[in-house]
Amino acid sequence: MGMTITEKILARASNKERVDPGEIIIARVDKVMIHDVSGPPALKILEDLGVEKVFDPSRVWVTEDHFVPPPDTKSAKNLIELRRLAAKYGLRKYYRWGVGQYGVCHALCFEEALVAPGEVFIGGDSHTNTAGGIGSFAAGMGHTDIAFILKNGWTWLRVPETLLFKINGKLREHVMAKDLALHIIGEIGASGASYKAMEFKGEGIKNMNLEERLTLCNMTTEAGAKNGIIEPDEKTIQYFKERGVEFKPVCSDEDAEYLEEFSVDASKVEPMVAKPVSPANSSPVSEDEGLEIDRVYIGSCTGGKLFDLRMAARIMKNRRVKIRTEIAPATQSIYLKALNEGLIEIFAKAGAIILPPTCGACFGGHMGVLGEGEICVSTTNRNFPGRMGHRSSKVYLVSPLTAAASAITGRLTNPREFLHG
Amino acid sequence: MKVFRGRVHKFGDDIDTDVIIPGKYLKEFDPKELAKHAMEGVDPEFPRKVGVGDFILAGENFGCGSSREHAPMALHAAGIRIVLAKSFARIFYRNSINGAYLLPIEIDDDIYNSISDGDEVELDLNKMTLRNLTSGGEFALKEIPEIVVEIFEAGGILKWKPKKL
Ligand code: SF4
């Protein structure tokens, strides 16, 4: 019997011929990411234990993305502490906010090709799953887990069962990977993939660019998955080749065993909206069209990548927003590309505000939190109570196309009408 | 392993990390401060109601959402030691054990339905049983994976010495 891509990567990481779902293994970790929320406590644990070195500083990278720009002195102090500890442990892959390249960790990971297909990547952030879109085993963990990995270079893992999603057909022009993700999570539920791997395959995936694959894997976290994964193909190989990153492609065997298989006809997927207070509470936008909203947010690791901004700009071009609209490119390099392509000008002319690359608003930290009872249509990945601000505020999760269309009308809007005549 | 006794605070399904400890407190690392905001998203009165050694009883997918370890830290600091839930989100489960903050124990519908908010319960880890001291009734619990017990008893993953490698 064959193995899935997830099992093969974990077998290699644990020096075994094969691994089986449910088995607990000791796995080598190839790459580790920490940011300004998970980094300081993880490194402080090592310092307090008197640990002098991390297992391999060249395999660790650090980003400042959550509380940037620092909204208060406590956040500023936190960044100083992160910098001090990173210097102490020789972590030179440090993406300092406001210096060169920086931004939201998961988008940065892709833009900088920090994790290659086939690698085991553990990040101190729950949406680390994002990197599964390029064919790595990528999972999020808390800071104590991360501290242990930084010290030892390995961790314990339970080999997950894999759910296979066969995506047949092609998404329509006004439908994005985000809609497909919300459609699937709506079907299987917010814990539908708990402890499991979600693997995506098929024509619908082949047709998707890498950024869209990242969006799909990013959202697997919201179904409780340990990891989301897509086999590397020509597009993936090309991307890493251009960046001079070498890797050994790992793919699922023909006779791999899956816990369950689902098929989705991509051509039938509608623009979707996940209503409060769960990403699984999704339904077609058309059912709630016209809902009055206060604000639109286009940004985050889910919806602030270059492709996301391009899609939003298609709709915003030569139009004006009706409500407060904030657009945050996920990284500095995305910002620059968006500027060069004229996207930033389109947004500015539309009357939207361009924010710097930061997580800020996505987790209700700062940079435009929601007030009491406010309703936001957002390209982010979570709509739990109070996620983007006040406990009574409401977040509706949508694709960048739907968000842009809604910004223009001031109501939840199906982007279809803006793309066809 | 030992016997734990405490009062139950009962919640529903999908209690996520944003309600356990809202994002704005993530720059906070002082457990006492975190304790003041534990469960703020569902019940701002929670920190005043909870006592040391109390239990949380919850439905499906407890702790879903972010990887913030602040969530089990806040609950621990507020006094909670044991969380009984129908199922746990994976990162929350790992964090609880690896930091030795909380012992997460999976329960079935029957146990969930037989215990009310405010009941006194007794958990015996030697026998893997749970007793409802308020209304009577004793329930058998599922075994906990060996590695989980090992790490929790060691006081967390950083103090853990793996038996075999
Ligand atoms: S953009 Fe939002 S979801 Fe993504 S890493 Fe930042 S806070 Fe998390």
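Q: How do strand β5 and β6 of chain A pair, and over how many bridges?
A: In this predicted model, strand β5 of chain A, which covers residues 120–123, pairs with β6(A) in the parallel sense, and the pairing runs over four bridges.

Q: Which residue stands opposite A:V120?
A: That is A:F137, which belongs to β6(A).

Q: And what sheet are these strands part of, in what order?
A: They belong to an open sheet of five strands in chain A, ordered β4-β3-β2-β5-β6, with parallel pairing. The edge strands of chain A are β4 (94–95) and β6 (137–140), and each of these pairs on one side only.

Q: Changing topic, how many aromatic pairs are there over all chains?
A: The count comes to 17 aromatic pairs over all chains. One of them joins A:F110 and A:Y239, whose rings are stacked, at 4.4 Å centre to centre and with 10° between the planes.

Q: Where in the chain do A:F110 and A:Y239 sit?
A: This pair links distant parts of the chain, since A:F110 lies in helix α4 (residues 105–111) of chain A and A:Y239 in helix α9 (residues 234–242) of chain A, 129 residues apart.

Q: Are A:F110 and A:Y239 buried or exposed?
A: A:F110 is buried, and A:Y239 is buried as well.

Q: OK, now the two chains: how many residues are in contact?
A: On the chain A side 42 residues are in contact with 40 residues of chain B. The area buried between chain A and chain B is about 3400 Å², and carbon and sulfur atoms give 62% of that area.

Q: How many salt bridges cross that interface?
A: There are four salt bridges across the interface of chain A and chain B. As an example of a salt bridge between the chains, the side chains of A:K74 and B:E28 meet at 2.6 Å, N to O.

Q: What about rings there, which residues form a cluster with A:Y195?
A: A:Y195 forms one aromatic cluster with B:F62, B:F88, B:F92 and B:Y93. There is also a charge over a ring between the chains, where the charged end of B:R94 sits over the ring of A:W156, 4.3 Å from its centre.

Q: Back to salt bridges, how many are there over all chains?
A: A search of the whole structure finds 45 salt bridges over all chains. One within chain A joins A:R84 and A:E81, with the closest N and O atoms 3.2 Å apart.

Q: Why are A:R84 and A:E81 separated by about one helical turn?
A: They are three residues apart in helix α3 (residues 73–88) of chain A, so about one helical turn separates them. A:R84 counts as partly exposed because its relative accessibility is 36%, and A:E81 also counts as partly exposed, at 23% relative accessibility.

Q: What other residues are in the network with A:R84 and A:E81?
A: The network of salt bridges also links A:K44, A:E47, A:D48 and A:K88.

Q: Now A:E222 and A:R382, how far apart are their closest N and O atoms?
A: The closest N and O atoms of that salt bridge are 3.1 Å apart. The pair links distant parts of the chain, with A:E222 in the loop between α8 (210–218) and β10 (227–230) of chain A and A:R382 in the loop between β17 (375–378) and β18 (394–397) of chain A, 160 residues apart.

Q: Why does A:E222 count as buried?
A: A:E222 counts as buried because its relative accessibility is 4%, which falls under the 20% cut-off. A:R382 is also buried, with a relative accessible area of 1%.

Note on methods:
Residues numbered from 1 in each chain as written. Chains lettered and ligands numbered in written order. Predicted model: local features only at pLDDT ≥ 70, side-chain atom pairs only at ≥ 80, totals over all residues. Heavy atoms only, no water. Pairing = 2+ DSSP bridges. Helix = DSSP H or I, 4+ residues; strand = E, 2+ residues; numbered from the N terminus. Phe/Tyr/Trp six-rings, centres within 6.5 Å; stacked < 30°, edge-to-face > 60°. Buried < 20%, exposed > 50% of the residue type's maximum accessible area, 1.4 Å probe, protein only. Lys NZ or Arg CZ within 6 Å of the ring centre and 35° of its normal. Contact = heavy atoms within 4.5 Å. Buried area = accessible area lost by both parts, 1.4 Å probe.
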